[in-house]
Amino acid sequence: MEATAAELPESAPKAATALAPAFATVEEAVEVLRRGGLAGFPTETVYGLGADARNPEAMARLYKVKGRPAKHPVIVHIGAAAQIDQWAREIPDYARKLAKAFWPGPLTLVLKRAEGVSDAVTGGQDTVGLRVPSHPIAKELLHAFGGGIAAPSANRFGRVSPTCAEHVHADLGADVDAILDGGPCDVGIESTIVDCSGEQPAILRPGRITAAQLESAAEVVLAAPGEDAPRVPGALHRHYSPRAKVRLLKRTGMIEALTTHKGKRIAALAMEVAVPRLPQALLIVEPAVAAEYSRTLYANLRTLDAAGADVILVEMPPETPAWAGVLDRLRRAVSE
Ligand code: TXA
Ligand code: MG
């Protein structure tokens, strides 16, 4: 049986509580961080769940709330590239060039850690992930706080990253001490991560910044990530997943799946408007430009999840370099 709009649940926010969330000011968030608390904050990529990177108790709480294994490193956000040497050592020239070209922005550099950077941040590895975000509120927070803010995406482990303050509230609720509202994120998928601990840079996680842009700024060619590349738990199965089963299909496969999944509530994330037999509330048409598609991807997956979809059919976007980040996240969202 096919779902009709009339059967859909009310479109209230998913983990809605009776009270609308009260969002914090930057001063309040700084206070929270100084006390060893957790503060959700916007970046241009996705919202982060921040903790004082130099406070072991705050880091322990961060991992607990996030439900994240202790061996998974987190990114340290800093206010300016000038702070890089407080966190990293033996920084290659190409890494400085990347920082100069893309910071502040959606790029994380994995570098050999400086002395005193704790295992709580690096997951016990000899490297540290660093990023200077460009979102004005993230910048304001980092400047007011002064130190490094360790922040994974502000979702529970294994789920879709939040791209607006309401998502953070819905995912983490009372487990987060303050949430800064900076509106919807511009990039919408997590930063490009580049391993800069070897001779050549290597992409560990694709994002908005493409391989070609990196090579041109670094003035060296990228290496293929090797066996001994630092671990990225994003590489784990089913990392960026909504609750619904996700299938990534070419257009013809999508149309076919629509007729074969009878009895399931099917939703679709399509590139074109004409998807037969789908009620409007279960069809979202994404823009055909990668940078716009990524901006709304996670929010759209959440919306379809909240609409009660059992299966989300995602129409395969073009397999070109500009789409690498989006394709990576879609492939991870796919159920086995
Ligand atoms: O856009 C982003 O990167 C967002 C915002 C909040 O900055 N953050 C984010 O954090 O996506 P998270 O923790 O969800 O993913 C960070 C990834 C993880 O896969 C982690 O393993 C990797 O970065 N990472 C961090 N430090 C690393 C290190 N030293 N070596 C290898 N990978 C590292
Ligand atoms: Mg994450």
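Which residue in S13 is the bridge partner of Arg-247? The views below come from a predicted model, and View 1 gives the reply.

**View 1. S10 and S13 run side by side in a parallel pair.** The partner of Arg-247 is Leu-313, in S13. Strand S13 covers residues 311-315. The two strands are joined over 5 bridges.

**View 2. Four strands form an open sheet.** Their order is S10-S13-S11-S12, and the pairing is parallel. Strands S10 (245-249) and S12 (283-285) stand at the edges. Each has a single partner strand, so one side of each lacks a neighbour in the sheet. On average, neighbouring strands are turned by 15 degrees against each other, direction ignored.

**View 3. Helix H7 is largely enclosed by the rest of the structure.** Why is H7 described this way? Of its 8 residues (165-172), 6 are buried, so the rest of the structure largely encloses the helix. Buried here means under 20% relative accessible area. The buried residues are Ala-165, His-167, Val-168, His-169, Asp-171 and Leu-172.

**View 4. Strands and helices cover the buried residues of H7.** The cover includes strands S2 (48-52) and S7 (178-179). Helices H2 (56-66) and H10 (290-306) also belong to it. Gly-173 follows H7, and its phi is positive, near 45 degrees.

How values were computed: Residues are numbered from 1 along each chain as its sequence is written. Chains are lettered from A and ligands numbered from 1 in the order in which they are written. This is a predicted model: local features need pLDDT of at least 70, side-chain atom pairs count only at pLDDT 80 or more; totals for chains, interfaces and linings use all residues. Side-chain values use heavy atoms; hydrogens and water are left out. Buried means under 20% relative accessible area, exposed over 50%, partly exposed in between (1.4 Å probe, protein chains only). Contact means heavy atoms within 4.5 Å. Two strands pair if DSSP finds at least two bridges between them. Axes are lines fitted to C-alpha atoms, for helices over the stretch in contact, and angles run from 0 to 180 degrees between N-to-C directions.
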